[in-house]
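Hello,

Here is the structure I promised to pass on to you. Have a look at it first, and my notes on what turned up follow below.

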Amino acid sequence: MLSAAAAFAACAGGALYGAQTTYFAGADSSSETVYPDFVSDLELGALDCYSVGESAFAFSEGERLYIYEGGSRSSGEDSEGNAVYIYEGGTMQNASGGNIYAYEHSAAITDLLYTSEGLLFSDAVGGVYLYSDGEATSYDGTLPSRDEIVTSGSLAYSVVNGNLSVTDMETVRTDFPAGTYSTVKVENGGVYVVRDSVLCAVTGNTLADVTVVPITFRYTDVSHSLTISTGNSAELIKTVKEPQFVIVPAGQYVTEIDPDELDGEYFVPGESGTFIMESNAYALVLCTTGNADILAIGEKTYITKSISAKINGTTSTAPFEGAQLNYSAGIYSAPYMSSATELLKLETGATVQVTGQIASSNQPVSGDVLTADFCRVQYTADDGTVTEGYIATSFLTAYDFSADDGEFGNATVPDDYSEENVILTVVLVIVIVVLVIAGVAYLAYFSGASKHKKNERPEDNGEDDKN
């Protein structure tokens, strides 16, 4: 469900090349969140060198080395309708934290070349280096000298005074799109040239068919997940609503977030950062803010671009009308327990009214979307404040509010009530009690005397017996 192979690590700190975008809904407001597409076009201010490998492109700009890896090429058009080639789905090799460049050298890079040993580059002070996995080591050798004229098939290519020249040895063509050309190369089975600091593919097998097509490199830049505005999400996530679910489709970007950190300017990415869903997943919607949904999948919280097809949850009959807490527990704005959704903490023994139940097994979605069954409850505080939300059903036991004693009112006084009647009644009760006590004492005494006589034996008289 959550892709590990296609996952992109959460970007740590570090300055990005170029200005970093802050994702607000508008320049004047930060109340809504804008979830980015995470796709950027590689834009270099002045492309100095390049080299083309089997599945990668290397570029240099001053001291910085950029490497674009993977991706597939397709034909497209730029904003003015001109033909372009677009490499999509690739990534920028990154060995410098949050930067999109792969390596920063100590001097300007003057030439690049992919070889069987790897990527070689030379610098402005005469050094030659072998680059690999974010590191450059000194290389014992030199880069081959660059030919001014290169050939591919039956055509020869060169750059003369900033103009591209192509010939089939009989005719020369220079009528290519205007611009300043430099560094024509034949690498990895193709012909390339730089025009106005943009790498271009030179295509065509015959002189008449030769065209110069700029290349756009689009890559995934998950560093944008560091500047997604929280906006008013902390408030929205605490708003009680009927539960809704969504199906997050495979291929959609999602960003794990820390729900305990919604009070800052930006969302704080969680451990798994931003990644692509490798399969469909069911999720509980905690709130929608701007163009984004904040979701719960299992016990983790994510933000993603809002999914329009929401699925309403099913509420079943409450297991009891009133309930008492077996344990200290919170009331939550959604059937999901976290500090972000907690509205109020209740102690053991607190009582609540129950209006319905959100049972996990009764929901119109598959999987373990809910971590437990929840009751929708209302709690009334001593000051009359009512808090409505959700409590896990397992924390509750039935409670009968009708059995409460409540508050005692003033007694109703009889019409014939008087102080004299009260005193006379008390005296009569005392007399009766005294007579009862006296009777009990007499009976006890009489019973004791009878038992004493029975126990007396007559004295023996031997004289009479003898006579």
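Let me start with the largest pocket, where E21 gives the largest share of the lining, five residues. (Helices, H or I of at least four residues, and strands, E of at least two, are DSSP runs numbered from the N terminus.) Before going further, please note that this is a predicted model, in which local features need pLDDT of at least 70 and side-chain atom pairs count only at pLDDT 80 or more, while totals for chains, interfaces and linings use all residues. Residues are numbered from 1 along each chain as its sequence is written, and side-chain values use heavy atoms, with hydrogens and water left out.

Back to the pocket: its space comes to about 470 Å³. Of its 20 lining residues, Leu42, Glu43, Val198, Ile215 and Thr216 are the closest to the centre. Two or more lining residues come from each of strand E8 (83–92), strand E20 (198–203) and strand E21 (211–220). By type, the lining has 11 nonpolar, two polar and seven charged residues. Here Ala, Val, Leu, Ile, Met, Phe, Trp, Tyr, Cys and Pro count as nonpolar, Asp, Glu, Lys and Arg as charged, and the others, Gly among them, as polar. A pocket is an open set of points on a 1 Å grid over the protein atoms alone where a 1.4 Å probe fits, with protein on both sides within 12 Å along at least five of seven lines; lining residues have an atom within 4 Å of a point. Points are joined across faces, edges and corners, and the volume is the space filled by probe spheres set on them.

Next, strand E5 (residues 56–61). Six of its six residues are buried, so E5 is largely enclosed by the rest of the structure. (Buried means under 20% relative accessible area, exposed over 50%, and partly exposed in between, with a 1.4 Å probe and protein chains only.) Ala56, Ala58 and Ser60 are buried on one side, and Phe57, Phe59 and Glu61 on the other. E5 pairs with strand E4 (residues 49–52) in the antiparallel sense over four bridges, where pairing needs at least two DSSP bridges between two strands. Ser51 has Ala58 as its bridge partner in E5, and three residues separate E4 and E5 in their hairpin. Glu61 stands opposite Arg64 in E6.

Which residues form one aromatic cluster? They are Phe57, Phe59, Tyr68, Tyr87, Tyr192 and Phe217. There are 16 aromatic pairs, counted when ring centres of Phe, Tyr or Trp (its six-membered ring) lie within 6.5 Å, with planes under 30 degrees apart called stacked, over 60 edge-to-face and the rest tilted. One of them, Tyr327 with Phe395, is edge-to-face, at 6.0 Å centre to centre and 75° between the planes. Tyr327 is partly exposed at 48% relative accessible area, and Phe395 is partly exposed at 23%.

Finally, two charges sit over rings (NZ of Lys or CZ of Arg within 6 Å of the ring centre and within 35 degrees of the ring normal). Arg73 lies over Tyr85, 3.9 Å from the ring centre, and Lys185 over Tyr50, at 4.9 Å.

Best wishes
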